[in-house]
Amino acid sequence: MSSVPSISRGRFAPSPTGPLHFGSLVAALGSCLEARARGGRWLLRMEDVDRPRCRQEHADAILATLEACGFEWDGPVLAQHTRNARYAEILERLKKMDAVYPCGCTRSEIDGAPVYPGTCRAGLPPGKTARAWRLRVAGDIAFDDAVQGRQRQNLPRAAGDCVLLRADGLFAYQLAVVVDDADQGIDHVVRGADLLDSTPRQICLQ
């Protein structure tokens with residue numbers, strides 16, 4: 001008889017941009033049951049790094065909805081907007097590794113391009129100043145999803161060099177989620193299929 005492999009921690013990480021919708025509630029249930037069935041801890045995180053789109057009243061309503069549905073999480077709720085110093089620390093480490101580079105392109109200059117064309121990858125062109133910081137991606141990333149099966153993505157063609165620090169000074173979701181998962185010891189993620197496409201970029205950054 002085979003045993004279910006144990007995990008240490010799973011998480012549910014909604015963005016408080018509105019009320020908790022049914023799809024997110026399903027993801028919460030799936031992630032909670034997965035963690036509990038394997039003897040793990042289930043953590044709750046508010047992914048509110050994009051402050052202009054997030055509201056405290058939505059965060060409060062999400063917590064109230066989860067509690068009304070009988071969810072119980074382990075430990076305090078982690079809010080991304082409190083962790084900018086940590087994200088900045090990791091970005092500085094990536095700069096020293098030459099894993100990121102400054103980008104001076106405006107949105108209008110790259111609008112319509114399927115992926116970022118790499119205009120600033122070899123250095124800022126004359127007359128441009130740094131507006132954002134991008135991650136250098138390369139090659140294929142493959143991983144196994146328990147529901148969707150084997151996934152493979154060529155990062156340069158499918159995603160391009162993704163932004164980690166935005167032109168408005170806010171840290172991007174891709175950086176925040178990877179740092180938070182690492183710091184919280186998350187080793188198993190259950191979430192909606194709409195985020196499947198982001199997974200290779202996060203693996204690359206990991």
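This is a predicted model: local features need pLDDT of at least 70, side-chain atom pairs count only at pLDDT 80 or more; totals for chains, interfaces and linings use all residues.
Residues are numbered from 1 along each chain as its sequence is written, and side-chain values use heavy atoms, with hydrogens and water left out.

Q: Why are β4 and β8 said to stand at the edges of their sheet?
A: Strands are DSSP runs of E with at least two residues, and helices are runs of H or I with at least four, numbered from the N terminus. Two strands pair if DSSP finds at least two bridges between them. The open sheet has the order β4-β5-β8, with antiparallel pairing. β4 (100-103) and β8 (163-165) each have a single partner strand, so one side of each is left without a neighbour in the sheet.

Q: What makes β5 and β8 a pair?
A: Two bridges join β5 (residues 132-135) to β8, and the strands run antiparallel. In one of these strands, β8, the bridge partner of W133 is L165.

Q: Why is α3 called roughly perpendicular to α6?
A: Axes are lines fitted to C-alpha atoms, for helices over the stretch in contact (heavy atoms within 4.5 Å), and angles run from 0 to 180 degrees between N-to-C directions. Angles under 35 degrees count as roughly parallel, over 145 as roughly antiparallel, 65 to 115 as roughly perpendicular and the rest as oblique. Helix α3 (residues 84-96) and α6 pack at about 100 degrees, with their axes 10 Å apart. Therefore α3 is roughly perpendicular to α6.

Q: What makes R166 and D50 a salt bridge?
A: The term requires a side-chain nitrogen of Lys or Arg within 4 Å of a carboxyl oxygen of Asp or Glu. The side chains of R166 and D50 meet at 3.5 Å, N to O. R166 lies in the loop between β8 and α6, and D50 in the loop between β2 and α2, so the pair ties together parts that are 116 residues apart in sequence.

Q: Why does R166 count as partly exposed, and why is D50 called buried?
A: Buried means under 20% relative accessible area, exposed over 50%, and partly exposed in between (1.4 Å probe, protein chains only). R166 has 26% relative accessibility and therefore counts as partly exposed. D50 has a relative accessible area of 16% and is therefore buried.
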